[in-house]
Amino acid sequence: MKSKIIVLVGPTGAGKTYLSIELAKLYNAQIINADATGIYKEPLIATAKIKEDEKQNIKHHMIDLISLNDDYSIFEYQNEGRKIIDDCLKKKVNLVIVGGSGLYIKALLYDYKLGKTNNK
C-alpha cells in the first residue's frame with residue numbers, strides 16, 4: 001500500500017488545524033506544518049499555531065523549530081521537510097501537510113531548485 005499525502009491550505013482561522021487532526025486520526029497520519037509562522041518557537045500575534053494539548057498525541061513536524069532571532073530560509077525548510085516526507089514514504093506513513101504559506105507547500109511538493117544563500 002502506498003502512503004497518502006493530504007494537503008490542507010487556507011487562511012488563518014479557517015479550521016485547518018481541526019481538520020488536520022481529524023484526518024490524521026482517520027488515516028493514521030503524521031502532520032507537517034507548512035505555515036511560515038509555525039516554525040517559530042515564540043508566540044506570534046495573529047497566528048493560530050497549534051497548542052500542545054490540541055495535538056492529541058499525533059506526531060507534528062516542522063513546528064517550533066527556530067527563534068525569531070535565528071536565520072532560516074525556505075531552502076532549509078525545504079531540505080528538512082523533504083527528509084521527513086522521504087522518511088515517512090519509506091515507512092509507508094501517511095502525511096497531512098497543513099498551512100497557509102503557498103511557498104512552503106510548493107517547496108515541499110514541487111521541484112523548486114533552491115540554493116543556500118550567503119547573507120554576509
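Residues are numbered from 1 along each chain as its sequence is written. Because the model is predicted, local features need pLDDT of at least 70 and side-chain atom pairs count only at pLDDT 80 or more, whereas totals for chains, interfaces and linings use all residues; side-chain values use heavy atoms, with hydrogens and water left out.

The sheet is open and is formed by four strands in the order E1-E4-E2-E3, with parallel pairing. Its edges are strand E1 (5-9) and strand E3 (60-61), each of which pairs on one side only. Within strand E2 is found Gln30, whose side chain makes a polar contact of 2.5 Å with the side chain of His61. Apart from neighbours within four places in sequence, Gln30 is in contact (heavy atoms within 4.5 Å) with Lys59, His61, Cys88, Val93, Asn94, Leu95 and Val96.

Helix H3, comprising residues 102-109, lies across E1, E2 and strand E4 (94-99), and runs at about 150 degrees to E4; axes are lines fitted to C-alpha atoms, for helices over the stretch in contact, with angles from 0 to 180 degrees between N-to-C directions.

On the surface, a nonpolar patch is formed by Ile5, Val7, Val9, Leu89, Leu103, Leu109, Tyr110 and Tyr112, with about 680 Å² of accessible area together. E1 and H3 are the elements that give two or more residues to this patch, and the largest share, three residues, comes from E1. Tyr110 lies in the segment after H3.

The structure holds five salt bridges (a side-chain nitrogen of Lys or Arg within 4 Å of a carboxyl oxygen of Asp or Glu). One of them links Lys25 with Glu22, the closest N and O atoms being 3.1 Å apart.

Key:
Pairing = 2+ DSSP bridges. Patch = residues over 30% accessible without salt bridge, like charges linked within 9 Å, V, L, I, M, F, W, Y side chains within 5 Å. Areas by Shrake-Rupley, 256 points an atom, 1.4 Å probe, with all protein chains shown as cover. Polar contact = N/O pair within 3.5 Å; in protein donor to acceptor, adjacent residues only side chain to side chain.
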